[in-house]
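Keep the model open while reading.

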Amino acid sequence: MKENQQLTLIIALATLARSIIAVSIGLGNDEVYYLTYAQHLQWNYFDHPPMVALLIRLTTFNLNLTNELFVRLGSIIFGAVNTYLIYYICKGIKNKKAGLIASLLYSGSLYSSIIAGVFILPDSPQLFFWLISIHFLIQIVSGTAEAKKLNNRLILFGLFSGLCIMSKIHGIFLWAGFGLYILCYQRTLLKNGYLYLSVLITLLIISPILIWNIENHFITYTYHSQRVSISRGINISGFFREFFGGLFYNNPINYFLIFCSLTAIWKNKIDISTAVKRLLLLISLPLILLLLSISFFRDTLPHWSGPAFVTLLILTSCYISDEIEKTKDRNSTWRKLVNTSCVLISLIALAGILTINFYPGTIGSKNEISLGKKDFTLDMYDWNFFKTEFEKVRNKNIESGITKTTFVINNKWFPGAHIDNYIAQPLGLDFIALGKLEDIHTYDWLNAYKKQLKIGDDAYFITVSNSFSDPNELYKKSFEKINPPIIIKQFRNKKPVRNMLVYLLQNYTGE
């Protein structure tokens, strides 16, 4: 089979698998929260820049089709395009074989293929613009382009790196790595006016982030600095979570192959341009090392370093291509490892789907009060069940004349965003998040566009046992009466998995 046919087959099978995953499980807590971004577009949001909101608006046809497939469609499309991009990059700096290996390793990574390739997260558009930016950077440092083409590539890099930052602030590491490369190896670029024009283009593109934060007292950076600031003792567990999380997210086999390629680079055994090697290392390693260092003091998330590991896959693919070429063995260990990487990610995905949908009961707390707590699968498990059951409760209250209220409230973005998307919106009800800014996040802005509670209004407070909040503590001054909850028990494979508690809060006081 020719290389082009092989690439087409890889992309087609990976896209089919991603689509199956997308329709097999519900939206995760982050995904359904980012869906709220798209309800009212802003230049920036409490947590992230706006690109993910624009992507959701596009693939849901302006929020007219908000089932799981269309919400995630942008990620699936970018997953396919990115597989081609990494192939194209590796083909350019090495050969087609390296490109095919890169497409397989990319498809075998949990981060690039599923986290950023199925789930709708800021990482989805970020990784797309990251790889395009890498492509132009490689052309810039290769030194083969005439002056006009070099200048055009500098401008294009400024454009796409800006769009990358508008997807997720981590995109700034593209400029950080490129800047280090210029200072260490190519200072002549400092004399090129187009370099500064490129910087200006990036700054103009990302200026809405700054303007929004000025208007909102730099709340984004105040919040994130609290998450990662160094202000407490050594956090060994955080370091191990970051390290082993990175190993798992990027596929243990890919991780091993990356380690082998870095060792080969140390020994100067990868036959590609020295400039390209240096560039890719300076873009990837600082981000990885920085996050590992921060994890000693603050909790980090392993997927933050995902783009850096994808960058290292480019070097890894070039190294494996050389090793396979040396052996001339179609059944070499290197080939088997690359293929096993894809098999492993397929097994992980299948296990995830089966666990989420069919695991008997919960893998979390079995305590009735906190049933399901710490069970990560529940984020994506059958929220439509609760919509049906809550509708029965509400209809009964309407028929008995107790209340006709359309208000549903919660005090946190999670599970608030799930309740909003899966219960309130489908039933045509008015969801409002009433809580602290650090708990409700972007709902603090979104509430302004919603119907407001008036003095005397009733409201339903909905919470779940795996993320329970007590309205008697939260709203004792806000409502004159808080009725005991109606408990709705959910089962998975005939065993209890989670409870939903529906409280009727009566006579809003305005406090």
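A residue is called buried when its relative accessible area is under 20%, exposed when that area is over 50%, and partly exposed in between. The model is predicted, and local features are reported where pLDDT is at least 70.

Begin with the salt bridges, of which the structure holds eleven. In one of them, the side chains of Asp299 and Arg241 meet with N and O 2.6 Å apart. Because Asp299 sits in the loop between helix 14 and helix 15 while Arg241 belongs to helix 12, this pair ties together parts that are 58 residues apart in sequence. Arg241 has a relative accessibility of 39% and therefore counts as partly exposed. Asp299, at 40%, is also partly exposed.

A second salt bridge joins Lys94 to Asp322, with 2.6 Å between the closest N and O atoms. Lys94 is in the loop between helix 4 (68–93) and helix 5, whereas Asp322 is in helix 15 (residues 306–327); the two are 228 residues apart, and the pair links distant parts of the chain. Both Lys94 and Asp322 are buried.

Arg492 and Asp375 form another salt bridge, where the closest N and O atoms are 3.2 Å apart. This pair, too, links distant parts of the chain: Arg492 comes from strand 5 (residues 486–492) and Asp375 from the loop between helix 16 and helix 17 (384–400), 117 residues apart. Arg492 and Asp375 are both buried.

The C-alpha atoms of Tyr111 and Val310 are 8.8 Å apart in space, although 199 residues separate the two in sequence. Tyr111 has a relative accessible area of 1%, so this residue is buried.

Next come the spaces inside the model. How many cavities of 30 Å³ or more are there? The count comes to two. The largest cavity holds about 60 Å³ of space. Its lining consists of Glu242, Phe243, Gly246, Tyr255, Ile288, Leu292, Ser305 and Phe309. Helix 12 (236–249) and helix 14 (274–294) are the elements that give two or more residues to this lining, and helix 12 has the largest share, with three residues. By class, five of the lining residues are nonpolar, two are polar and one is charged.

The second largest cavity has a volume of about 40 Å³. Thr36, Tyr37, His40, Gln42, Tyr45, Thr442 and Leu446 line the second largest cavity. Its lining has three nonpolar and four polar residues, and no charged ones.

Among the open spaces, the second largest pocket contains about 880 Å³. Its lining is made up of 30 residues, and those nearest the centre are Ile10, Leu100, Leu104, Asn339 and Cys342. At least two lining residues come from each of helix 1 (3–24), helix 5 (96–107), helix 6 (110–115) and helix 16 (333–358). The lining of this pocket divides into 20 nonpolar, five polar and five charged residues.

On the surface, Ile169, Leu210, Ile214, Phe218 and Tyr221 form a nonpolar patch, together showing about 450 Å² of accessible area. Ile169 comes from the loop between helix 8 (147–165) and helix 9 (172–185). With a relative accessibility of 37%, Ile169 counts as partly exposed. Phe218 is found in the loop between helix 10 (193–215) and helix 11 (219–228). Phe218 likewise has a relative accessibility of 37% and counts as partly exposed.

Most residues other than glycine have a negative phi, and most peptide bonds are trans. Phe218 has a positive phi, near 55°. Lys374 also has a positive phi, near 70°, and lies in the loop between helix 16 and helix 17. Is Lys374 buried or exposed? Its relative accessible area is 75%, so Lys374 is exposed. Finally, the peptide bond that joins Phe414 and Pro415 is cis, with omega about 10°. Pro415 belongs to helix 18 (residues 413–424).

Definitions and conventions: Residues are numbered from 1 along each chain as its sequence is written. This is a predicted model: local features need pLDDT of at least 70, side-chain atom pairs count only at pLDDT 80 or more; totals for chains, interfaces and linings use all residues. Side-chain values use heavy atoms; hydrogens and water are left out. Patches are made of residues with over 30% relative accessible area and no salt bridge: like charges are joined within 9 Å, nonpolar side chains (Val, Leu, Ile, Met, Phe, Trp, Tyr) within 5 Å. Accessible areas come from the Shrake-Rupley method with a 1.4 Å probe; for residues, only the protein chains shown count as cover. A salt bridge is a side-chain nitrogen of Lys or Arg within 4 Å of a carboxyl oxygen of Asp or Glu. Helices (H or I, at least four residues) and strands (E, at least two) are DSSP runs, numbered from the N terminus. Buried means under 20% relative accessible area, exposed over 50%, partly exposed in between (1.4 Å probe, protein chains only). On a 1 Å grid over the protein atoms alone, a cavity is a set of points where a 1.4 Å probe fits but cannot get out, and a pocket is an open set with protein on both sides within 12 Å along at least five of seven lines; lining residues have an atom within 4 Å of a point. Grid points are joined across faces, edges and corners, and a volume is the space filled by probe spheres set on the points. Ala, Val, Leu, Ile, Met, Phe, Trp, Tyr, Cys and Pro count as nonpolar, Asp, Glu, Lys and Arg as charged, and the others, Gly among them, as polar.
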